[in-house]
Amino acid sequence: MAQISQHALETAVKQYRDPYLGKDLYELGAVKSLTTDDNGKVTVMIELPYPSKGIAGALKELLTNALDDVEGVESVDVHVGQRIHSHKGQKDIQSVPGVKNIIAVASGKGGVGKSTTAVNLALALQAEGARVGILDADIYGPSIGMMLGVPEGKRPDTRENKYFVPMEAHGLQANSMAFVVTDKTPMVWRGPMVSGAVMQLLQQTLWNELDYLILDMPPGTGDIQLTIAQKVPVTGAVIVTTPQDIALLDGKKGIEMFRKVEIPVLGVVENMSVHICSNCGHEEPLFGHGGGERIAEEYDTTLLGQLPLHMTIREQTDGGTPSVVAEPDSEVARRYKDIARRVGAELSTRERNLTGSISSVSVTEH
């Protein structure tokens, strides 16, 4: 049997470039082992640094085909997994127990689909293999419970009369002010009370080993949003906008606010990018075209994705079964999952929090 060249094997593996980080697997430190045995069997262990279940099968197939072409190789066994690390928040604010990374989903103004994006992003990260929670920090208009199908009036369990046990909905760990007050309770709190309530929900919830906690921020860029951004150990922010000029202006304010408090902006999601007719499928950019891309270029950040204005997204979310779980194989769900992988990949390039919890490992393909 011909001797298998280790250099040839490594060269074959290097042919694959990660579609989200633009580097080969060795540059990413993703090749954990590459071995051969006396029977010509090659075994390779790959560990990507972001939620990547949706591309694991394609990666396995591409590597298998590349390694099969190496002289002397009789069989190939590829294992693809992921390891999600904890990354630093701004100004070394103390991390939240049970949470590796907090991702703030924000918008400069209301009405751009921020909460819908936050819920579907959380579900998409989970679908890609991560442990995920969501905290509804939109005190004045908490809607996450309804979007996740949590029955009205249901309250979280408590421990020691002090800690909340997060609700579970579609596999997500969730908490919201809506879970502890009624929908008829008027929210007339001032800024310090709002930020205090958010911090209490965050710190007194027993989050269970989350890779990501999605923080659905109140819309806008005023004192309340700034105070929350200064106190919560956010590891990255996602800005939601629409192509409208006024929404783009407010989206820029959101980016500037996070940069002011040294929170990295992971990218921009352009919501309601095109309207898709529910009858004929015709697409039309009702609110303009290319706005999210222009913001991303201007602020040297990433356009994470563009989402359509489609009736089913609203209907599914309002019905408590968001698109990612209602139709996991649909084009809309595919877009959310692509955004989730981009968010995770972008965050993986940030400085790690070496004092945080141990990174989790999961194998997604054998």
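A: Helices are DSSP runs of H or I with at least four residues, strands are runs of E with at least two, and both are numbered from the N terminus. The structure above is a predicted model, in which local features need pLDDT of at least 70, side-chain atom pairs count only at pLDDT 80 or more, and totals for chains, interfaces and linings use all residues. Residues are numbered from 1 along each chain as its sequence is written, and side-chain values use heavy atoms, leaving out hydrogens and water.

Q: Let me start with a loop, then: where does E160 lie?
A: E160 sits in the loop between β6 (158-159) and β7 (163-164). N161 is found in that loop as well.

Q: What is the phi of E160 near, and how should I read such a value?
A: Most residues other than glycine have a negative phi. In E160 phi is near 60°, a positive value in a residue other than glycine. N161 is not a glycine either, and its phi is positive at about 55°.

Q: Is E160 buried or exposed?
A: Relative accessible area decides: buried means under 20%, exposed over 50%, and partly exposed in between, with a 1.4 Å probe and protein chains only. E160 counts as exposed because its relative accessibility is 70%. N161 is exposed too, at 78%. For another loop residue, take L309, between β15 (303-306) and α9 (311-318). At a relative accessible area of 27%, L309 is partly exposed.

Q: Which strands run beside β9?
A: Two strands pair if DSSP finds at least two bridges between them. Strand β5 (residues 132-136) is parallel to β9 and joined to it by four bridges, with G133 partnering Q173. Strand β8 (residues 167-169) pairs with β9 in the antiparallel sense over three bridges, and here M167 partners A174. β8 and β9 form a hairpin with two residues between them, and H170 in the turn has a positive phi of about 55°.

Q: Which residues touch the most other members of the largest nonpolar core?
A: In soluble globular proteins, nonpolar side chains tend to be buried together. A nonpolar core is a set of buried Ala, Val, Leu, Ile, Met, Phe, Trp, Tyr and Cys residues joined through side-chain atoms within 4.5 Å. The largest one has 39 residues, and I103, L121, I134, L148, I214 and V343 touch the most other members. Helix α3 (residues 114-127) gives the largest share of this core, seven residues. Another core, of 37 residues, lies apart from it and includes V198, I228, F258 and V261.

Q: What does I103 touch?
A: Contact means heavy atoms within 4.5 Å. Not counting residues up to four places away in sequence, I103 touches Y212, L213, I214, L215, G236, V238, L266, V343 and L347.

Q: Is K100 buried or exposed?
A: K100, in strand β4 (residues 99-106), is buried, with a relative accessible area of 5%. Its side chain makes a polar contact with the side chain of D211 at 3.0 Å. Such a contact is a pair of N or O atoms within 3.5 Å; within protein, one must be able to donate a hydrogen and the other to accept it, and residues adjacent in sequence count only if both atoms are side-chain atoms.

Q: Finally, what is in contact with S195?
A: Leaving aside neighbours within four places in sequence, S195 is in contact with T227, I228 and K231. S195 belongs to helix α5 (residues 191-203) and counts as buried at 1% relative accessibility.
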